[in-house]
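Student: I am new to this structure and would like to know what stands behind the words used to describe it. Could we look at it together and set each term against its definition?

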Amino acid sequence: MQTPAEVANVPAESQEIEKIELKYLSIQEYKQLRELMEEAYAVLPDSAWERDEIQSLIDCFPDGQIAILIDGQLAGCALSIIIDYSKFSDSHTYGEITGDYTFSTHTEDGNLLYGIDVFVAPEFRGLRLGRRMYDYRKELCEKLNLEGIIFGGRLPKYHLYAEEMAPRGYIEKVKSREIEDPVLNFQFANDFYVKKVIKGYLEGDAHSMEYAALMMWNNVLYTAPTKELITKKSVVRLGLIQWQMRPYKTLDVLIEQMEYFVQAVSNYRSDFALFPEFFNAPLMAEYNDLSEPDAIRKLAEFTEPIMRKFSEFSIQYNINIITGSMPSVEDDGKLYNVGYLCKRDGTVEKFYKLHVTPDEAKVWGMTGGNAVQTFDTDCGKIGIVICYDVEFPELPRLMAEQGMNILFVPFLTDTQNGYSRVRHCAQARAIENECYVAIAGSVGNLPKVHNMDIQYAQSMVFTPCDFAFPSNGVKAEATPNTEMILVADVDLDLLKELHEHGSVHNLRDRRTDVYRLELR
């Protein structure tokens with residue numbers, strides 16, 4: 001019984017969110033769950049699940065019952081079972097598929113994941129929580145090697161059109177965008193299709209006139225049944241922003257452009273968004289009357305609010321954001337070049353540029369950081385180095401030894417020769433560390449900002465050079481010196497294969513009996 005609660009497209013009210021957690025549902029959350037159900041089922045009296053029914057679901061299939069908590073508060077829930085669909089017809093009812101609400105129809109030997117319910121609290125709509133739960137269901141389906149996902153989707157607006165058209169005609173008009181139905185639109189956007197229209201699906205559903213759309217998603221990775229262990233998703237989608245430097249008179253205008261690009265790569269279901277180094281430099285134009293060291297320190301005052309906005313966007317658009325880099329005056333009074341990894345679970349981690357360029361030190365008085373670290377994400381372990389840092393092979397090698405699979409490099413270069421240093425060193429890091437490397441920079445001209453007047457970039461994604469990868473080691477490349485986004489998929493399983501069975505073994509064949517690299 002798919003309710004409209006999880007797909008409403010109204011943005012949630014602005015609020016500070018510190019932590020989003022996707023977890024297995026526990027019976028201790030039933031009180032909050034009951035309140036959500038009663039609110040979601042306002043048009044279906046007495047339809048909320050009882051405590052013993054939820055306990056039964058958790059007992060028989062704990063992996064299929066998930067909850068989303070926001071700062072400890074239950075924000076959404078998705079319930080499902082596995083069924084042997086050969087025992088049912090496409091004209092089944094909700095009562096039949098659930099075994100008269102006992103869930104006796106659940107079987108580990110089934111072939112389809114059946115969506116029993118899904119909903120999101122009204123105050124958290126617009127954060128794409130529904131998509132997170134659907135993505136989990138798809139991953140679970142793939143891991144359990146099920147043929148697909150199926151469920152009966154309500155048609156909550158059909159009663160408004162019932163005198164004009166049959167349910168099939170209503171669905172077709174929704175598909176063609178002639179009628180706005182947030183529930184069906186959400187299903188179509190998540191690659192579900194209508195298998196059949198069911199009559200008499202849910203007794204008492206007056207808004208749907210007791211009709212339902214039998215929705216189906218096919219698992220294209222399905223193979224013959226297997227008992228292999230559940231593995232992590234291997235394909236990660238990267239979204240690189242090749243940022244155009246242009247005057248921004250206010251912080252709000254800059255943030256608007258930031259959100260535009262975050263939304264753009266999120267719409268392509270990217271797992272990461274990578275911004276360039278010092279992308280916020282246009283804000284320095286207001287301080288052009290100051291000395292260059294004073295102007296960069298004024299720019300540093302925007303770093304904290306920009307970081308907070310990025311963190312909000314990472315949650316709202318369900319994407320991990322690497323913020324590029326920005327100037328920051330730390331507690332010791334020194335100026336650093338820093339960036340942030342804003343994860344879509346609400347947490348934020350900070351990274352530093354270790355090697356400042358001679359120009360950064362001389363003109364701005366900038367100091368290098370001291371930390372070499374990798375970051376655990378929901379897409380595996382990553383590393384981040386800023387521009388000049390990638391020209392020092394020791395840093396990525398240390399990160400590779402910590403298990404890094406993807407290295408992100410936000411950069412800012414003014415000339416083609418400067419860009420070439422970053423580009424060729426970054427590609428070398430991909431080969432020698434058997435990892436993917438993504439680089440993103442800014443383009444265009446920036447008048448009235450000292451030391452930032454011209455930019456040159458071509459954002460790219462590099463791979464190792466072996467048979468499973470592009471022969472030239474370039475997965476994707478942007479048009480040089482043009483504002484755009486670059487979206488590319490990288491397969492982490494290919495790295496595992498390379499580590500074990502590659503033509504050469506750059507990591508394994510190091511002569512540690514002769515030399516070694518260590519972190520102080």
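**Terms and the values behind them**

Student: Which residues does L33 touch, leaving aside those up to four places away in sequence?

Tutor: With residues up to four places away in sequence left out, L33 touches L25, I54, L74, C77 and F119, where contact means heavy atoms within 4.5 Å. This is a predicted model, in which local features need pLDDT of at least 70 and side-chain atom pairs count only at pLDDT 80 or more, while totals for chains, interfaces and linings use all residues. Residues are numbered from 1 along each chain as its sequence is written, and side-chain values use heavy atoms, with hydrogens and water left out.

Student: What makes a group of residues a nonpolar core, and which members of the largest one touch the most other members?

Tutor: The term is kept for buried Ala, Val, Leu, Ile, Met, Phe, Trp, Tyr and Cys residues that are joined through side-chain atoms within 4.5 Å. The largest such core has 76 residues, and L33, W49, I54, I70, Y114 and Y170 are the ones that touch the most other members. Strand β3 (residues 73–83) supplies the largest share of this core, namely 8 residues. There is also a second, separate core of 54 residues, which includes A400, Y419, V437 and V461.

Student: Why is L140 called buried?

Tutor: Buried means under 20% relative accessible area, exposed means over 50%, and partly exposed lies in between, with a 1.4 Å probe and protein chains only. L140 has 5% relative accessibility, so it counts as buried. L140 lies in helix α4 and, not counting residues up to four places away in sequence, touches F61, D63, G64 and L113. L140 and L113 are 27 residues apart in sequence, yet their C-alpha atoms are 8.9 Å apart in space.

Student: And why is A189 given another label, partly exposed?

Tutor: A189 stands at 46% relative accessibility, and therefore counts as partly exposed. A189 lies in helix α6, and it is 58 residues from R131 in sequence but 9.5 Å from R131 in space, C-alpha to C-alpha.

Student: How do you know how helices α5 and α6 pack?

Tutor: Helices here are DSSP runs (H or I, at least four residues), and strands are runs of E with at least two residues, numbered from the N terminus. Helix α5 (residues 167–175) and helix α6 (residues 182–189) pack at about 65°, with their axes 10 Å apart; such angles run from 0 to 180 degrees between N-to-C directions. In the contact, Y170, I171, V174 and K175 of α5 meet L184, N185 and F188 of α6, and by class this gives 5 nonpolar, 1 polar and 1 charged residues.

Student: What makes β1 and β6 edge strands?

Tutor: Two strands pair if DSSP finds at least two bridges between them. β1 (20–24) and β6 (193–199) each have a single partner strand, so one side of each is left without a neighbour in the sheet. They belong to an open sheet of 7 strands in the order β1-β2-β3-β4-β5-β7-β6, with mixed pairing, and the twist averages 25° from one strand to the next. Across this sheet lies helix α6, which covers β5, β6 and β7 and runs at about 15° to β7.

Student: How do you know that β2 and β3 pair?

Tutor: Strand β2 (residues 66–70) is joined to β3 by 5 bridges, against the two that are needed, and the strands run antiparallel. Within this pair, L69 stands opposite L74 in β3.

Student: Which strands stand at the edges of the sheet of 6 strands?

Tutor: That open sheet has the order β15-β16-β17-β18-β21-β22, with mixed pairing, and its edge strands are β15 (374–377) and β22 (474–477), each of which pairs on one side only. Strand β17 (residues 406–410) and strand β18 (residues 436–440) run parallel and are joined by 5 bridges, with V437 in β18 as the bridge partner of L407.

Student: What makes the backbone of D100 worth a remark?

Tutor: Most residues other than glycine have a negative phi. D100 is not a glycine, but its phi is near 55°, a positive value. D100 is placed in the loop between α3 (94–97) and β4, and at 61% relative accessibility it counts as exposed. N481 likewise has a positive phi of about 55° although it is not a glycine; at 34% relative accessibility, N481 counts as partly exposed.

Terms used: Nonpolar A, V, L, I, M, F, W, Y, C, P; charged D, E, K, R; others polar.
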